[in-house]
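Me: I'd like to learn how to read a protein model feature by feature. Could you walk me through one?

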Amino acid sequence: MDISKQEAPFQFHLEQTILVWAPSAAFASPEAKNAAICANSPSLDQISHPSATDIILPQGATTEGCNKITHLFIKQATVLKKIRIVSIDDIYSKEVYFYTELAKILNHLQNDANIPVTERFNIAKGYEESSEKKIILENLTRKGYKTFNRAEGLTLKCAELSIQQLAKFHGLSLVMQERMPDYYEMKIKKQKYPITFDDDWNGLLANIVGKVIDALEGNMKGKVEKLLTKMQNDYQQYLIDDSAVSVLCHGDYKPHNVMIKEVAGKIVDVIPLDYQLMYHGCPVTDFVFYIFSGTDQLFRRYHLERLKSLYHECMGRFLRYFGMDIETVFPREQFEQMYKERLLFGLMTGTFMSYFVFVPEDDVPDLENNSLSELAVNPDRGFVGWVRGLMDDFVRWGYL
């Protein structure tokens, strides 16, 4: 049976349904409005106009013979007038592939292994009507999920659940390599990182590094000046290199791309989103990207080693459902070696992402009309402490 060709439980056609439209200024709930605002925060993968929508299916669409309301979240592509480092059609095609084909395979593998609901890799429901111009998903805010709020900061529980989801996502690649080798070779290994770093990217990077240097003191300024050249030359290499263990990587796994569900004020579940930058590569780059795009020095000091262990241990437990031994396919010693070899990618990520983390909420850049090098880099409060802590960590670890 070809899992990728199975039909969804029901299909709808936008032109044949009644749409109850809720634009971003008038969402059905504050959580839905917050989700749209955060989804449209500046990031190279999230170039979209998000909307929450209710679709009322015609009478008889349910087994009870009554109307059924389906709550959707629609991301519509934006035309980039000056930015050339990425094709919007290409990155939307990746996400269409994930939700309309690959998600079915991943769910089937988990169903076949009888993985309990609480132990699964969580996937938002996508719809076949998605295209290179729009991505149609279930509206998770209707199920109690919300987006990460940077003002509240990253909690350990959120990080733990997110890292466990990442481990399961990577683990499913290892399962596919064993059980579906032909499909993996044909579809997964051909996924390439979709961004090409050009002079425009280098211009933005130089502007960001300039602000970082301004925030530093003493001989640290000179060290970071040298880092700029290394980032311009080597950053992309980390995203295209072959490693002894390779998987399908998310490509932009950070707190803002994970939705959170709370019950009685406590985080109980998370669902990863935004697969527009996924590529076949080293799993450690995803882990490192999450850590250094979303944590400060204090968080890393107390929790980094714990999260590293959690990632590998969770993958091991998950693979046991499929009769696989983690020490055979991805030994802990190998994981630790790959982490050391790619930790400098974390320094580069933290430096680059400092711009997106500390963009003032009232000064969101216009990615639609500006080139990257034209974007103003005016970081919000917290930026100085973030970058000083980042550089201090890498001096202590012997990389600077």
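This is a predicted model: local features need pLDDT of at least 70, side-chain atom pairs count only at pLDDT 80 or more; totals for chains, interfaces and linings use all residues.

Me: Let's begin with the overview. How many helices and strands does the chain have?

Reply: The secondary structure comprises eleven helices and nine strands. Of the 400 residues in the chain, 57% are buried. The accessible surface is about 17500 Å², and carbon and sulfur atoms hold 49% of that.

Me: What share of the contacts with a separation of 6 or more joins residues 24 or more positions apart?

Reply: That share is 79%.

Me: Now a sheet, please. How do strands pair in general?

Reply: Strands of a sheet pair through backbone hydrogen bonds, in either a parallel or an antiparallel way. Here, three strands form an open sheet in the order E5-E7-E8, and their pairing is antiparallel. Strands E5 (145-146) and E8 (266-272) are the edges, since each pairs on one side only.

Me: Which residue in E7 is the bridge partner of Tyr-145?

Reply: The partner is Lys-261. Strand E7 covers residues 258-263, and its antiparallel pairing with E5 runs over two bridges. Helix H3 packs on this sheet, where H3 touches E7 and E8, and the direction of H3 makes about 35 degrees with that of E8.

Me: Let's zoom in on single residues. Why does Gln-297 count as buried?

Reply: The idea is to compare relative accessible area with a cut-off: buried means under 20%. Gln-297 counts as buried because its relative accessibility is 16%. Gln-297 sits in helix H8, which spans residues 297-320.

Me: Which residues does Gln-297 touch, leaving out those up to four places away in sequence?

Reply: Gln-297 touches Gly-389, Asp-392 and Asp-393. With Asp-392 there is also a side-chain polar contact of 2.6 Å.

Me: And Glu-313: where does Glu-313 lie?

Reply: Glu-313 is in helix H8 as well. Glu-313 is partly exposed, because its relative accessible area is 38%.

Conventions:
Residues are numbered from 1 along each chain as its sequence is written. Side-chain values use heavy atoms; hydrogens and water are left out. Helices (H or I, at least four residues) and strands (E, at least two) are DSSP runs, numbered from the N terminus. Buried means under 20% relative accessible area, exposed over 50%, partly exposed in between (1.4 Å probe, protein chains only). A polar contact is a pair of N or O atoms within 3.5 Å; within protein, one must be able to donate a hydrogen and the other to accept it, and residues adjacent in sequence count only if both atoms are side-chain atoms. Contact means heavy atoms within 4.5 Å. Accessible areas come from the Shrake-Rupley method with a 1.4 Å probe; for residues, only the protein chains shown count as cover. Two strands pair if DSSP finds at least two bridges between them. Axes are lines fitted to C-alpha atoms, for helices over the stretch in contact, and angles run from 0 to 180 degrees between N-to-C directions.
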